[in-house]
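My entries are below the structure.

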Amino acid sequence: MTPNDSTTAQGRGELRSPAADRGRWFALAIVMTAAFMDLVDVTIVNIAIPSIQRSAGASVSQIQWITAGYALAFAAGLITGGRLGDIHGRKRLFLIGIGGFTLASALCGFAANPEMLVASRILQGGMAALMVPQVLSIVHATFPAHERGKVFGLFGAIVGLGAVSGPLLGALLTEWNLFGLEWRPIFLINLPVGVLAWLLGRRFITESRAPKALKLDLVGVTLVTLGLLMLLYPLTRGRELGWPLWGHLCMAGALAVFAALVSYEKRKAARDGSPLVELSLFRVKSFAAGIAVQTVFGVALGIFFLVWTLYMQIGLGWSPLRAGLTGVPFSIAVSTAAGLSVQQLVPRFGRKVLQAGALVMGAGVLLYLGEARHYGPAIASWQMALPLVVMGAGMGLIVAPLTDAVLSEVPREHAGSASGLINTVQQMGNALGLGLVSVVFFGQIGDRLTPAQVGPAFTHAFQHALWWVAGIMGVIFLLMSALPKRPAQHVEGGAGQAPAVEGEPALAH
């Protein structure tokens with residue numbers, strides 16, 4: 001048993017008592033609720049975007065920043081949030097995070113204008129970055145190694161439930177228009193859940209810290225955030241402003257900032273051994289390729305889910321509820337294929353499963369493209385079901401085993417840093433994909449459309465965006481050839497421990 005398996009002698013004694021045993025399962029329920037809130041909040045917003053645009057008068061760039069701002073703040077703060085928990089206590093940071101997340105949700109729900117909503121979403125993403133890394137760290141510190149397989153199985157179920165319920169819950173809350181609040185209940189629903197989780201968390205979660213916590217790298221965080229802002233802001237505003245010269249210079253300058261980040265991280269690693277990004281990890285071929293896969297996959301998802309929502313609700317004129325129900329086959333296919341890939345397919349076929357997932361998802365995108373072109377604005381929900389199931393199956397084959405495949409050849413002592421970096425770059429890729437929506441989707445739509453032109457214009461733009469997504473899946477397939485042929489054992493298996501579990505917990509660094 002490692003030092004992290006229990007935090008103090010008192011904690012070990014408490015685990016032997018029935019009351020404390022119940023307490024740690026209460027603690028698990030609380031942190032899983034927080035993880036569920038974060039997962040739902042990402043998916044619940046997409047379905048309400050058209051309603052927000054109509055009622056709040058949000059511009060195209062503001063729509064993108066409502067989603068991209070959350071992803072960017074979340075990505076930029078993930079590693080720092082994990083380190084703060086290691087240093088100052090995971091319970092303390094979890095309570096700060098969930099308290100701030102609940103407050104930010106209230107600010108989103110009562111936002112007076114689009115600018116306030118964007119700012120509140122960025123705050124919400126930052127608070128999620130403090131809250132989410134503590135979830136797996138608290139699990140790691142609370143449960144002994146032989147129980148973690150079961151616990152991570154529950155975590156996987158929560159992830160699947162969040163993927164399915166987020167769009168449906170968002171659709172229902174928007175459709176019901178509770179108290180005339182339109183889209184606002186999608187944020188306000190977090191208030192009672194967050195307050196209850198905070199109160200119960202104070203009582204049942206046991207404090208823990210890492211025995212050898214690394215120092216913070218605030219300069220690294222600043223450089224990462226600055227570089228992403230310099231890249232994303234011109235992308236989201238460029239079309240509206242006529243692609244000014246300063247935008248191109250800003251995006252070029254982002255490359256210089258990232259180069260400065262690499263140089264600084266090398267010096268910091270040599271000086272005190274606590275860089276934000278452990279650059280030595282990129283000498284591992286499979287890890288470097290896996291980081292590229294996670295980033296590019298995030299771009300694909302960022303593009304698809306936003307344009308899909310806009311296509312169904314604005315282009316086709318569907319209600320939020322109809323759009324949400326249309327996505328159910330996709331969510332079910334993702335969950336089913338994810339379970340099969342981890343438990344049965346990857347142990348037998350290894351890397352080929354992930355590559356097959358990329359091809360299957362790409363085929364689903366092309367099938368969807370064919371359906372959209374054939375039926376045009378008259379397409380029905382049932383006609384989307386087959387391509388969505390194919391896409392979902394492909395995505396499920398990728399998302400569940402990818403992290404283990406990327407970590408397979410990473411030295412155990414760097415497993416925590418590596419797993420945190422994987423989650424960070426996927427969020428960064430998602431934010432970049434949302435920024436690219438201006439180019440691949442809105443760039444195909446005219447500025448002044450009559451009501452009769454909206455449907456065909458959005459259908460055409462959606463088809464154009466699907467070509468991009470299909471192309472990205474092809475790139476992902478090629479990048480996957482650098483992953484190890486036989487990934488390590490998976491956390492979900494329970495019998496063996498993946499590197500992220502035996503080292504510092506995933507998302508903790």
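**Conventions.** I am working from a predicted model, where local features need pLDDT of at least 70, side-chain atom pairs count only at pLDDT 80 or more, and totals for chains, interfaces and linings use all residues. Residues are numbered from 1 along each chain as its sequence is written, and side-chain values use heavy atoms, with hydrogens and water left out.

**Helix 11.** I looked up helix 11 (residues 285-315) against helix 14 (residues 351-375). Helices here are DSSP runs of H or I with at least four residues, numbered from the N terminus. The two axes come within 14 Å and cross at roughly 25°. Axes are lines fitted to C-alpha atoms over the stretch in contact, and angles run from 0 to 180 degrees between N-to-C directions. Helix 11 and helix 14 are therefore roughly parallel (angles under 35 degrees). Their crossing is left-handed, meaning that the near helix is turned anticlockwise from the far one by less than a right angle.

I then took helix 15 (residues 381-407). Helix 11 packs with helix 15 at an angle of about 150°, the axes being 11 Å apart. That makes helix 11 and helix 15 roughly antiparallel (angles over 145 degrees). The crossing of helix 11 and helix 15 is left-handed.

**Positive phi.** Which loop holds N177? N177 sits between helix 6 (145-176) and helix 7 (185-188). Its phi is near 50°, a positive value in a residue other than glycine. N177 is partly exposed, at 33% relative accessible area (partly exposed lies between buried, under 20%, and exposed, over 50%, with a 1.4 Å probe and protein chains only).

W243 is not a glycine, yet I find a positive phi of about 45°. W243 lies in the loop between helix 9 (218-241) and helix 10 (245-272). W243 is partly exposed, with a relative accessible area of 34%.

**Nonpolar patch.** Which residues form the nonpolar patch on the surface? I list L103, L107, M116 and L123, with about 300 Å² of accessible area together. Areas come from the Shrake-Rupley method with a 1.4 Å probe. Patch members have over 30% relative accessible area and no salt bridge, and nonpolar side chains are joined within 5 Å. A salt bridge is a Lys or Arg side-chain nitrogen within 4 Å of an Asp or Glu carboxyl oxygen. Helix 4 (90-109) and helix 5 (114-142) each supply at least two patch residues. L107 is in helix 4 and is partly exposed, at 30%.

Definitions and conventions:
Patches are made of residues with over 30% relative accessible area and no salt bridge: like charges are joined within 9 Å, nonpolar side chains (Val, Leu, Ile, Met, Phe, Trp, Tyr) within 5 Å. Angles under 35 degrees count as roughly parallel, over 145 as roughly antiparallel, 65 to 115 as roughly perpendicular and the rest as oblique.
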